[in-house]
Amino acid sequence: MKFFKIGLFTFGGGYAMISLIREEVVGNMKWISDEEMLDLIVIAESTPGVLAVNTATFVGYKTSGIAGAAAATVGVTLPSLIIVGAISLFFEQFKNLKYVSYAFSGIRAGVVLLIADAVLKLDKKNTKNLFYFLILICAVISSLVLKISAVYIILAAAASGIIYSVIFNKTGRDKK
């Protein structure tokens, strides 16, 4: 039921859902920790499919096994299927209404806030060191200036993390 509520009240796709999923499963229900949530998001982002659905599926599996994964997946997707199905029936009549356009403008602004909220809350758990800031700066430049696909940025960041870990764990300079 928790994921149905998240799916019902989230506009803006997977990234906007992350804040609500985190609030529910980490903050309210305390099913998982922030660190586990961040790990699940990394896995969900790295696997094919929609981020929010993957995240819900992994959270469901982590908390209740296969039945939990199935329930979370259905719960988070069912509201969208119902809403999109209903909208598609009346889309032609609604698309030119100015109040619908105004509503979507407001929703878009709210979605930006939801995404920023998720990023800031999840980033608190990241270890901040020179390597972190170098990867962050390179990712921002690669995305915003060079317009490189997020897929390539994530792959490059993952490879950099592996290389960094191998180098510094062998020399003992990066003990946690």
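**A helical chain and its nonpolar core**

In this predicted model, the largest nonpolar core has 22 residues, and those with the most contacts inside it are Phe 3, Ile 18, Ile 21, Val 25, Ile 32 and Met 37. Two or more residues of this core come from each of H1, helix H2 (14-28), helix H3 (34-46), H4 and helix H5 (98-123). H4 gives the largest share, seven residues. In soluble globular proteins, nonpolar side chains tend to be buried together.

**The chain as a whole**

- The secondary structure comes to seven helices and zero strands, so you will read the pattern α-α-α-α-α-α-α along the sequence, with helices taken as DSSP runs of at least four residues.
- Along the principal axes, the C-alpha atoms fill a box of roughly 65 × 40 × 25 Å.
- The chain has 176 residues, of which 24% count as buried.
- Among contacts in the chain with a separation of 6 or more, 50% are accounted for by residues 24 or more positions apart.

**Where H1 meets H4**

- Two packed helices are described by the angle between their axes and the distance between the axes.
- For helix H1 (residues 2-9) and helix H4 (residues 51-94), the axes come within 7 Å and cross at roughly 35°.
- This crossing of H1 and H4 is right-handed.
- On the H1 side, the residues in contact are Phe 3, Phe 4, Gly 7 and Leu 8.
- Their partners in H4 are Ala 56, Val 59, Ala 72, Gly 75, Val 76, Leu 78, Pro 79, Ser 80 and Ile 83.
- Sorted by class, the contact of H1 with H4 holds ten nonpolar, three polar and no charged residues.
- Phe 3, one of the H1 residues that meet H4, is also among the residues with the most contacts inside the largest nonpolar core.

**Thr 55, a residue worth a look**

- Thr 55 lies in helix H4.
- Thr 55 counts as buried because its relative accessibility is 0%, with the cut-off set at under 20%.
- The side chain of Thr 55 reaches the backbone oxygen of Leu 51 at 2.8 Å.
- Leaving aside neighbours within four places in sequence, Thr 55 is in contact with Ile 18, Ile 21, Met 37, Ile 41 and Ala 44.

**Met 37 and its surroundings**

- Not counting residues up to four places away in sequence, Met 37 touches Ile 18, Ile 21, Arg 22, Val 25, Val 26, Ile 32, Thr 55 and Leu 122.

How values were computed: Residues numbered from 1 in each chain as written. Predicted model: local features only at pLDDT ≥ 70, side-chain atom pairs only at ≥ 80, totals over all residues. Heavy atoms only, no water. Axes fitted to C-alpha atoms, helices over the stretch in contact; angles between N-to-C directions. Left-handed = near helix turned anticlockwise from the far one by under 90°. Contact = heavy atoms within 4.5 Å. Nonpolar A, V, L, I, M, F, W, Y, C, P; charged D, E, K, R; others polar. Buried < 20%, exposed > 50% of the residue type's maximum accessible area, 1.4 Å probe, protein only. Polar contact = N/O pair within 3.5 Å; in protein donor to acceptor, adjacent residues only side chain to side chain. Core = buried A, V, L, I, M, F, W, Y, C linked by side-chain atoms within 4.5 Å.
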